[in-house]
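Work through the two exercises below with the model at hand. Try each task before you read its solution.

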Amino acid sequence: MSLLALSDITIRYSRLTAVREVSFSMTEGEILFITGPNGAGKSSLLRAIAGVTPVAAGKIQLAGQDITGQAPENIARLGLSMVPEGREVFGSLTIEENLLVGTGMQARDRTSRARTASDLEAVYMTFPILKDRRNGQAGLLSGGQQQMLVIGRALMTNPRLIAIDEPSLGLAPNITDQVYERLIALQAQRQLTLLIVEQSSARAMMVGGRMILMRGGQIVLDGDARTLGSGEAIQAAYFGYEDH
Amino acid sequence: MSAVSSATETSLTGEVIAAKKQARFALARKTIVTPILLSLLLIAITLITVMTGSRPFNQTVIDVLVRVIFVVGLYIFIGNSGVLSFGHIGFTCLGAYAAAWLTINPIMKSSALPGLPDWLLQTRLIYWQAAILAALFAGVAALIFGKVLMRLSGIAASIATFAVLAMINTIYSNWDSVTGGTSSVVGIPIIRTIWPYLIGAVAAIFIAWAHAISRSGLALRAARDEPTAAAASGVDIPKERLVAFVVSGAVMGLGGALMAHSIGVVTPDTFYLSLTFITLSMLVVGGMGSLSGGVIGVVLLSALIQALRWMEGGVSLGDATFALPKGIQEIALGVIMIVILALRPSGLMGNREITLTRSNRNT
Amino acid sequence: MLQTLFDALSLGSLYALGALGIALIFGVMRLVNFAHGDVIAFCVFALLWPSTDAMAIVFAGQLPWYLLVPFVLLCGAGLSVLCEIVVFRRFRNANPATMMIASFALGFVIRYFLLMLYSSRPKSISLLPALSQPIEIFGARLPLLQLITIVATMAILIGLTLFLRQTRFGLEMRAAAENFSMARMLGVRANRVIMGAFALSGALAGAIALIFGSQTGTVDIQMGASIMLMAFIATVIGGLGSLGGAVLAGFLLGAASVVMQVALPVDARPFRDAFVYGAVILVLLFRPQGLIAARGTKERV
C-alpha cells in the first residue's frame, strides 16, 4: 500500500492555476525528489499536502486516510512532518524548545516522556552543534544550523513521512552537502520516507532515488533519478524545448 | 545631431503628456457615473424627506447626510491608502469648533469664550462661509499632523492617528477659555433646512472622486495594492498619503462644521470614540475599498438604526403593540454588523463601485 | 517621592495588565481586540445582581476574597472564550481592519447588554473595603490597596512568565504567536491555543476589574474604555505581539502620566494626557515597530 497518494490534484490562486491534475504516490521508505523550474507548482503541491494551501480539486491520502481539506495540525498528527521553504525556525524560542514544539502530539505519560527524551538525545547525536547551543536562541543560528534544527524538529515528531521544501535554499554548496549527508544517513538508519522539493535536479541525481519533474503545474517526467539524469529527456523537459 | 534628438524627445514628451491627458479624460468620463449615481441616491432621499414634510424625519436625514460627509472623508484617506485611521474625528472636532468660533453671536462669545483673540471675538460669519473656513482650518491641521505621521505605516500609523484624536480631545476638553472645556458651547446658529447638508454631501462625494482619479490618488491606490512595485516606479508614498490626509482632513472639517450647525451645540466628547467607531463601522461594513461602499454603508446602517429605534418605540400589529426593550437597538446593530462582516469580510461592496453598466473592480 | 513612585507603579500595573491582555490575543490571531475593555466592565458588573436601580445590589461581591477572586477571573475567561467561539472564530482569515471593527461591534453588544440589565448610571460598590486603609512604609502613608495592586501585578506577571516558559501549553502558545502556520504543521492545535489565549486574556481582564473596581469604588459601563485606550497604545509602543514589550510600555506610560502630573507647570497639568500622547507619537516615529519588535512579524497564511 502506498503511504502517500495524490490523485488529480488541482490548486488555484484566484484565477491562476498553479497545479493541474497531478497524481502520484509513494511507498514507505522511498526517497522522492520533486524538481522543476521556478513556478512549476512544486511548493504549492507540498503546501497542499501539509494542509496549508487549499486544493481546488482532487484527493490526497496519507496512510490510507483521506486528508484533503484537513487542518494542518490533523495532518501532522497523522504522521506528516513538514519542513517548509525558508526553514521557519521559531527565532525567539531556544533550540531545545524548537525541537519540543512538535512533541505535544504524543500522549502525556511516563513512557512517551522517556521516549521524547531519548528522541532528543538521538537528534543531538546526529547534530552535535544543536546540543552545544541547546539553550541559545534559535534565531541566532546560521542558515545551515537552522536547516539542521528544522530537520531535527521534524524528526522529533516521529513522522511516517518528512516533506522538505528546498533544503538548499540560501545555503552555501558545501553546507548543503553536509545537510544532505546527514539526511541520507538518517534515512538509511531509520528507514525514513522523504519527499524533497528542489529546484535543481542535480542533487537528486547525486543522491539517487525517484524523481518527479514538474513544469507549468504538471508532471512531465517520473522515474529513477540516476537514469533520468543521464538522458537528454530531462533537459528537454526542464527547459520545455518541445514547445518551440 | 543632439539638437535633433532633443527636439524629437520634446515632441515625444509632448505626445506622452497629451496621451496621458487624454487617458485621464477617458478615465474621468468612465468613472464619473459613480459619483453621479451616489449623488442621485442622496438627492432622491432628500426629495422624499422634503415631500413628507416631517420634522423629525428631516433631522434624521440631515444626520445621514452629515455622516455621508464623514465617511466619504474617511474613505479619501483610508480607502485609498489602506491605512486605518482613528484620528479623523479629531479634524471634525476642529471644524466644528472653528464653525462655532466664527458664527456665534459676539456678545455670547465674549462671555462664554473670553480667551479667543479679539478679531475672532468680533467676527460673525454666515454659516457657509464659516464652514469653508472650518474645512480649511482642519485641512491645515491635517497638513501639520500629517507631515509627521505619514512617515509611519501600518498599525503604527493607525495608533499614531489615535494619539492625535486623544490629543485634540484632551486639549479641547481642558482649554476652558477658548473651547469652554467639557461643557457645551451653545448658540451656534441652527440650520434646519436640508439643502446645505445635501450640497455638502454631494461636494464631498465629488471631491473624493476627483482625488481618486487624480495622479496622486491613482499613485496612492497603486501603492496600497503593490507597495514595492509602486515605490520602485517612483511613487513617493508618504507624499501621496499626505495629500490624501489633507484632503480628507478638510472634508472631515466641513462635516464637523455642518454637524455643529445641525445640532447647535458642541462638546469635545461629541467628537470622540463613539463617533469615530460608528463612522469607521459604516465605512468597513460598506466596503472600505470603494467610495460607493462608504456611502451605501452610511445609508444602510442609518436606515437600520432608524428602523430599530422605530421598533423600540412600539409597532402595532392589529390590536397588540410590540415594543423592543431598551438597549436592544444597539445590541441588534452590533449583531447585524458582525453578521455582515462574517459573511462579507471586505464589506458589502468589496472593492467595487456602482456604475450603470456592471460592477467593475476599482483597482 | 515614594508616593510618586507607587502612584506610577500602580497606574502602570493597570496599563500593563490591559496591554498584556491585548498582546496575548494579537500574538496568536493578529486581532486587535477592542472588546477587551467591555470584558473588563462585564467582570465588575458580574458582582452585582442585575437591576436598573440606582442602588447597587451586591451579589457575588459579598463572597469572601478567596472565592471572589477566582469567580471574577473565571467570569472574564468564560466571556472571553465565548467571544472567541461565537464571533472571532469566523474571522480567522479576515483582514485586520475587518477583525478590529468586528471586535468593536462585539464590545458594543456587551456594553449595551450590561446597560440593559444595569442601566447606564454609575453605581458605587465597596469591594474588599479592608484594603483602602492606609499603611505606613518608610515614613510614607500609602493605601494598602496600592501596595496590593503592585504586588498582585508582579505576581501575575511572574506567574504568567513561568506558565509561558515552563509548561507545554506555554511553549505551544509562544510558538504559535511567532509563526502560527508552522506551529500547526507541527501538530499544535489552532483552536486550543487561540482559546487558551482568550481565556488568559479574559482572566487578566478580570484581574483589572478587581483592582480598578476596588480602587475607584464605582461600577461604570465606561470604566473599561479609559484603561483600554492606554493599554492599546502600550501594546503598540511595546511592539505588537511582544508580551514583554507590552508590559514594559504599560509601566512606561503609567510612569510618564504620573511624572508629568508632578513635573508639568500647574497651567499645563490639565493637558497632561496631550503630552503623553505626543510622547507616544514621538516614540512611534523613532521606533515604528515598537520598543521590542516582535519576531513573529510574518503574516498568517
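**Exercise 1. Find which residue of β8(A) stands opposite A:I34, then place the strands in their sheet.**

Step 1. Opposite A:I34 stands A:V197 of β8(A). The model is predicted: local features need pLDDT of at least 70, side-chain atom pairs count only at pLDDT 80 or more, and totals for chains, interfaces and linings use all residues. Residues are numbered from 1 along each chain as its sequence is written, with chains lettered from A and ligands numbered from 1 in the order in which they are written.

Step 2. Five bridges join β3 (31-35) and β8 (194-198) of chain A in the parallel sense. Strands pair if DSSP finds at least two bridges between them. Strands (E, at least two residues) and helices (H or I, at least four) are DSSP runs, numbered from the N terminus.

Step 3. In chain A, six strands make an open sheet of mixed pairing, ordered β6-β7-β8-β3-β9-β10. β6 (80-83) and β10 (218-224) of chain A each have a single partner strand, so one side of each lacks a neighbour in the sheet.

**Exercise 2. Describe how α2 and α3 of chain B pack.**

Step 1. Helix α2 (33-52) and helix α3 (55-81) of chain B pack at about 165°, with axes 9 Å apart. Axes are lines fitted to C-alpha atoms, for helices over the stretch in contact; angles run from 0 to 180 degrees between N-to-C directions.
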